[in-house]
Amino acid sequence: MVRDFLCDRTTHVTLGNSSSSKRVTKGCPQGSISGPTLWNIIISDLIALPFNAPNLKIVVFADDIMVMMQGPSLPTIFKTLQTTLQTIEDWCKEHKLQISTDKSALMPMFTRNREEFKRHPIIVAWGIKIVSKMRYLGGMLDCKLDWCPHTQHLENKLLRIRNNRVRCSKATWGMSFHNLLTIYKYAILPAITYALEAWSISLSKRAKSKQQQMQRSFLIFITKAYKTVSHEALSAIAGIMPIEQPMQLYKDIRAISRGNPTNAVIN
């Protein structure tokens, strides 16, 4: 069944009065039910490869691959990097795959020698970008792990949602208070608490302040209050907990569901 599913496939493209077809010899049909399973079978070989690097870890989610490595010195890291990239490239050639260099990036963590990474022959030969932050699975990772770029990314994303809602609701017409409250609880709050277990551990004071500002802008919009109203009064009027409390509640619920210890008290 699998062989029949993958054999004798063609793709057709039609533009105006012209059409063209080509035989497809690799890849899975997009959106197929068995496609993820077949990809997991392929990618499992990459995870099982003997990289011979003790401080190396590979994280795979669908076709997004993250390679994390550490070492006592930069020469050690560069040597591990060269060996790892060559192993992955050989594996890709064997499986008729290709690494997307446009979507690939290298982020040195907790180092000031960023220029040394940019000038290194391995980085130049592969054409990998050196970045201080990168987006991975909906979150924004940064080289200092203070998560300020993540909160800034969230603010830009939620600001667009808020501005679109502002066009549909004013002080005397448009969406009601209860509708706006529902949007906040089931659309805005889940976006703020997304991947909370990862980034809430080392959140900086600036990032915490940014989160309060995000919540405050939505509370002013929901309650139609003046901008000079205090944050505590806005929370009381809207009946919404300050952002720190739902974040802690979310972490406790996730910890309990996974059987991890938590400081939550359940009567």
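Predicted model: local features only at pLDDT ≥ 70, side-chain atom pairs only at ≥ 80, totals over all residues.
Helices in this talk are DSSP runs of at least four residues, numbered from the N terminus.

H11 covers residues 244-257.

Which residues of H11 are buried? They are Pro 246, Met 247, Asp 252 and Ala 255. The cover over these buried residues includes helix H7 (177-192), helix H8 (196-199) and helix H9 (205-223).

Asp 252 deserves a separate word. This residue is buried yet has no salt bridge. The nearest side chain of opposite charge belongs to Lys 251, at 7.1 Å, whereas a salt bridge requires nitrogen and oxygen within 4 Å. Leaving aside neighbours within four places in sequence, Asp 252 is in contact with Thr 262 and Ala 264.

I come now to the salt bridges, of which the count is 4. One of them joins Arg 254 and Glu 197, at 2.8 Å from N to O. Arg 254 lies in H11 and Glu 197 in H8, so this pair ties together parts that are 57 residues apart in sequence. Glu 197 also forms a salt bridge with Arg 258, with the closest N and O atoms 3.9 Å apart. Because Arg 258 lies in the segment after H11 and Glu 197 in H8, that pair links parts 61 residues apart in sequence. Through shared partners, Glu 197, Arg 254 and Arg 258 form one network. As to accessibility, Arg 254 is partly exposed at 30%, and Glu 197 is partly exposed at 27%.

Another salt bridge is found within a single helix. Glu 115 and Lys 118 meet at 3.7 Å, N to O; both lie in helix H4 (residues 114-119), 3 residues apart, about one turn of the helix. An α-helix has 3.6 residues a turn, so residues three or four places apart point the same way. Glu 115 is partly exposed, with a relative accessible area of 45%, and Lys 118 is partly exposed at 39%.

Finally, two features from earlier in the chain. Val 2, Phe 5 and Leu 6 make a nonpolar surface patch of about 220 Å²; Leu 6 belongs to helix H1 (residues 2-6) and is partly exposed at 31%. In strand S2 (residues 18-24) we find Arg 23, which is exposed, with a relative accessible area of 57%. Beyond its neighbours within four places in sequence, Arg 23 is in contact with Arg 9 and Thr 10.

Methods
Residues numbered from 1 in each chain as written. Heavy atoms only, no water. Helix = DSSP H or I, 4+ residues; strand = E, 2+ residues; numbered from the N terminus. Expected span 1.5 Å × (residues − 1). Buried < 20%, exposed > 50% of the residue type's maximum accessible area, 1.4 Å probe, protein only. Contact = heavy atoms within 4.5 Å. Patch = residues over 30% accessible without salt bridge, like charges linked within 9 Å, V, L, I, M, F, W, Y side chains within 5 Å. Areas by Shrake-Rupley, 256 points an atom, 1.4 Å probe, with all protein chains shown as cover. Lys, Arg positive; Asp, Glu negative; His and termini not counted.
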